[in-house]
Protein chains: 2
Amino acid sequence: MSVAGLIAGARAGEQRDIARLISRIEDGANDAREAMQALAGFAGRAHVIGVTGAPGVGKSTTTSALVTAIRARGNRVAVLAVDPSSPFSGGALLGDRIRMQQHATDEGVFIRSMASRGHLGGLAATTPQVIRVLDAAGFDAVIIETVGVGQSEVEIAATADSSIVLIAPGMGDSIQAAKAGILEIGDIFVVNKADRDGADTTVRELRNMIALGQHDGWRPPVLKTVASIGEGVDAVLAAIDEHRTWLIGSGQDRRRKLRRVHDEICALVIGATRAQLSVRNAEVDALSAAVLDGAIDAYTAAEQLS
Amino acid sequence: MSVAGLIAGARAGEQRDIARLISRIEDGANDAREAMQALAGFAGRAHVIGVTGAPGVGKSTTTSALVTAIRARGNRVAVLAVDPSSPFSGGALLGDRIRMQQHATDEGVFIRSMASRGHLGGLAATTPQVIRVLDAAGFDAVIIETVGVGQSEVEIAATADSSIVLIAPGMGDSIQAAKAGILEIGDIFVVNKADRDGADTTVRELRNMIALGQHDGWRPPVLKTVASIGEGVDAVLAAIDEHRTWLIGSGQDRRRKLRRVHDEICALVIGATRAQLSVRNAEVDALSAAVLDGAIDAYTAAEQLS
């Protein structure tokens, strides 16, 4: 089917056409470009919710519980699970989507795992494009689930309108990781598995860390959930609503959407540079040998490719 | 001091000059270029050993034990601890270098934590340059310690001559992570904390996974250590020697060094693109607004920046 046909189907809410359109965008720059040109001017309506955290913190469970809560309001919701694929194997860190299967037969829910390979500009460019498709398809909310490790995942999480950072009680190294990369991007913090020992300590530590940070008028709340039994999930949804209201009232909503487009454009430019390097691979190899043999230095080699 | 003066000092083994030279390389492209031009033609002699694994697996302890073993042979060794700094805070995942302090007064050991910020091309470009400096300074071995999470860290680990992947018994999610990104880059696998339950099971699982993989003439061994008491570390060093002998005999040594230079050159080209985008930030902002308002699409915007 043509890209235009798929877009028409996607806008009519056809799940299969949405899925095909996303595959086309992931597969090839030409189809992605055609789709983006067709969707240019389509005003954003969906609220983009990021769910991130270290492995084992309960991201899929929380996402699933949020989907249930959003559906209970009668809203439509899409989930993008961003897999940081290995550059070596094509394997993925994430995988267990089993919990999401309870939503598989619900026409108001769309679930998609995303790969990082293939597309010009990688996930940083693909994710905003896929969000645009889902937005055009009329979803009220788009949840992006990412593993909160690695710079590219943090960057993707940072493009959400509302970022939820999950922490498990007493996670040690994971909290360290969260401190470093994730603390700054969280709009809402959720201590999941709050029935475990140390939950209140973790909540307190997070509140102290947040109090030390700088805030642009929104002070991130720290909530507790036991997502596996749905406990506390309504409060998370209420915090998302409150954050959205603040975003729109403060003008931050447009600022965040601008930043998302900014990142997308830069990712496309860098993707084009990478594609060029790939095309000129033999030339890079020859220059590498010259550098290794001491004939030139790496900067001179890089300049010859610019 | 001039870059040339620092290079002379570094080649004479002056620790302070080595440290200053690395700082200059991290800080600014001009000094890095001058240093690389001066060092072009300096033949590589140091063996580059990667040590990677998930947080908590014992990377610093193992690195420290390897340093002790290498020093016992009378060889000089440098350690680069690569911190995947947060793009938001400048904070770092790693931090605890305390165990390394026993080597602090040893002139035959050089230890350095590296940051990812500032430098044109990021860690992917800086790491090979710093290795070149340490090589020129006469170190027999350079150990690069990285957290084995995130694509950029995997890429850096992949640039070592011999990559050691650490696994702890029964680490669950971490083993999953290892499977995805790290399994393919390991030349030597080490199950550390082997006095814990499940060590033999983990060894068996790893051997099975490795047996399923493709090998280019080197079959990665799986060893057991208790690095905190030095147990098994000599066997790891022996495996590194054996791997190095194989690398040189098979021609893989030059192939790996070529790949390292190749990656460095590409990182510099991409870094130059990023620098250009940064200079043209206002222009990218204007184009972002045009995309958000539907006047143009992101691809057209990206083309106007090429």
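Predicted model: local features only at pLDDT ≥ 70, side-chain atom pairs only at ≥ 80, totals over all residues.
Residues are numbered from 1 along each chain as its sequence is written, with chains lettered from A and ligands numbered from 1 in the order in which they are written.

**Chain A as a whole**

- Chain A holds 12 helices and 7 strands; these are DSSP runs numbered from the N terminus, helices being H or I with at least four residues and strands E with at least two.
- Of the 306 residues in chain A, 52% are buried (20 or more other C-beta atoms within 10 Å of a residue's own, with C-beta atoms placed from the backbone).
- Among contacts in chain A with a separation of 6 or more, 75% are between residues 24 or more positions apart; a contact means C-beta atoms, placed from the backbone, within 7 Å.

**The nonpolar core**

- The largest nonpolar core has 158 residues (a set of buried Ala, Val, Leu, Ile, Met, Phe, Trp, Tyr and Cys residues joined through C-beta atoms within 7 Å).
- V133(A), V142(A), V133(B) and V142(B) have the most contacts inside this core.
- Leaving aside residues up to four places away in sequence, V142(A) touches A46(A), V48(A), I49(A), A78(A), L80(A), I131(A) and L134(A).

**A helix pair in chain B**

- Helix α1 (residues 3-11) and helix α2 (residues 15-27) of chain B pack at about 135°, their axes 8 Å apart; axes are lines fitted to C-alpha atoms over the stretch in contact, and angles run from 0 to 180 degrees between N-to-C directions.
- On the α1(B) side, the contact is made by V3(B), L6(B), I7(B), G9(B) and A10(B), and on the α2(B) side by D17(B), I18(B), R20(B), L21(B) and R24(B).

**Lysine 193 in both chains**

- K193(A) lies in the loop between β6 (188-191) and α8 (199-212) of chain A, and its phi is near 55°, a positive value in a residue other than glycine.
- K193(A) is buried, with 23 other C-beta atoms within 10 Å.
- K193(B) sits in the loop between β6 (188-191) and α8 (199-212) of chain B, where its phi is near 55°, a positive value in a residue other than glycine.
- K193(B) counts as buried, with 23 C-beta neighbours inside 10 Å.

Terms used: Contact = placed C-beta atoms within 7 Å. Buried ≥ 20, exposed ≤ 12 C-beta atoms within 10 Å, placed from the backbone.
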